[in-house]
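Here are a few exercises to work through with the model open beside you. Try each task before you read its solution.

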Amino acid sequence: MLKQFILFAALSLSTVAVAQDKAALDFGAREGVLDVSLSPDGTKIAYIIPDKGQGSRLYTVDIANSGKSFPALSVSGDPERLSYCEWVSNARLICLISMVLREASEPVSVSRLVAVNADGTELKLVSIRQGYNAERFSYFGGSLIDLLPTDDGAVLLGREYVPEGRIGSLITKSAEGYGVDRVDTKTLATESVVRPTRFASEYISDGTGTVRIMGVMKTDAGYDSGVRRYVYRPVGQTDWQPLGEYDSTSDNGFNPYAVDPSDNAVYGFEKFEGRFALYKVKLDETLSKTLIFNRPDVDVDNLITLGRKKRVIGVSFATEKRQAVYFDPTFEKLGSSLSKALPDAALIHFGGMSADEQKLIVWAGSDTNPGQYYHFNKATKTVSPLFASRPELEGYKLAPVKAVNIKSGDGTLIPGYLTLPVGIEAKGLPAIVMPHGGPSSRDEWGFD
């Protein structure tokens, strides 16, 4: 009898250990979906999922027809990783591959852009191919400036040019700096849109293929000073005019984010009474500035843009919970309706959108819901579930997160978040305290 009891106890402990191991693996797993994008016609979805180790895979699915997924691209994670993929057209995507390499024992970030068809064919390197005679190696593979409104597979890319040449050769390339090119991702035919400029670090397009703003790094003894000098192009002109400066070390000045071509203005953030606020600046000789939205208690820190044209539809900020304020009443109503209709959806984020703005990718989640992706059709008002952010956690009862204020020894109230174990009396429990760094970022309410 004693032997049977010991055997039963050992099996019970073994079962508990296996359950604990499974829970650790489930909660420690990478997110089930790393990136989701919607095709211009709204009928196809591209999504990136984790693979073995740190690897990842890109799949595409035609949700309007078969609903079958097709593998389009994969990377091993050693060291290449898929950062994002965007639809260039209804048949082709552009993807950013990033990696960390070792150079003289120091970690160095490297990136490259590639394009691929939705079925995985015609994979091509879109970043500039450097020759043997380049003066230095370019770690930067370029950036996506604009998804053009046409369906011909072309995009606007920010690209770094490095001079090439050698003694005794008449074949040289003198272009140097960061510029913008129109690149056909199928043929790789390239047309210069903004010539390469030394110390240029940023470009902002109007979403229709016209580059309106350039940011130039100001140096101090050859090093980045943290100050960006911004210039703009008036409508129909190619000459640059002064816009202003932004100092990232002191947060002084206007930091532009997105151009509104319908109003010939740029949205950006600037301090107002000690907090970041959203402003709009006219891109003409007046440079008139209008305060659009501010909060007296917290920074307004996120501009909400949507669709291929990156149309500005609102802002968000974090108090106890992150809140969104929509300038477009359509999305204000839609966000409120979806939050009520979808299960456990206190937080709503709009992702990709079709070119006609009738189909959207929506993410919904909360503190007890790690998140679910949906496809929403505005015309039919139908919502279809796509992917769970963390499918391994389905079936677990997750702990709610409560915003609290903790009084310190000198009476100062310290804001924080309290998470208590599920199904256990909140009394005499051990505590794990996780102080957050700062001051430029903060923890936020939601699943962790």
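**Before you start**

This is a predicted model, in which local features need pLDDT of at least 70 and side-chain atom pairs count only at pLDDT 80 or more, while totals for chains, interfaces and linings use all residues. Residues are numbered from 1 along each chain as its sequence is written, and side-chain values use heavy atoms, with hydrogens and water left out.

**Exercise 1. The overall picture**

Task: Find how many helices and strands the protein has, and what share of its residues count as buried.

Solution: 
- Step 1. Helices (H or I, at least four residues) and strands (E, at least two) are DSSP runs, numbered from the N terminus.
- Step 2. The protein has 2 helices and 30 strands.
- Step 3. Buried means under 20% relative accessible area, exposed over 50%, and partly exposed in between (1.4 Å probe, protein chains only).
- Step 4. Of the 448 residues, 40% count as buried.
- Step 5. Along the principal axes, the C-alpha atoms fill a box of roughly 95 × 55 × 55 Å.

**Exercise 2. A sheet and its helix**

Task: Work out the strand order in the sheet that contains β25, and which helix lies across β25.

Solution: 
- Step 1. Two strands pair if DSSP finds at least two bridges between them.
- Step 2. The order is β25-β26-β27-β28, an open sheet with antiparallel pairing.
- Step 3. Its edge strands are β25 (347-353) and β28 (382-388), each pairing on one side only.
- Step 4. β25 and β26 (residues 359-365) are joined by 5 bridges, and Met353 has Leu360 in β26 as its bridge partner.
- Step 5. Helix α2 (residues 329-341) lies across β25, β26, β27 (372-377) and β28, at about 125° to β25. Axes here are lines fitted to C-alpha atoms, for helices over the stretch in contact (heavy atoms within 4.5 Å), and angles run from 0 to 180 degrees between N-to-C directions.

**Exercise 3. The disulfide**

Task: Find which cysteines form the disulfide, and whether they are buried or exposed.

Solution: 
- Step 1. A disulfide is a pair of cysteine sulfur atoms within 2.5 Å; the structure holds 1.
- Step 2. Cys85 is joined to Cys95, with an S to S distance of 2.2 Å.
- Step 3. Cys85 is in β5 (residues 81-87) and Cys95 in β6 (residues 92-103), 10 residues apart.
- Step 4. The S-S torsion is about 115°, so the disulfide is right-handed.
- Step 5. Cys85 is buried, with a relative accessible area of 1%, and Cys95 is buried too, at 0%.
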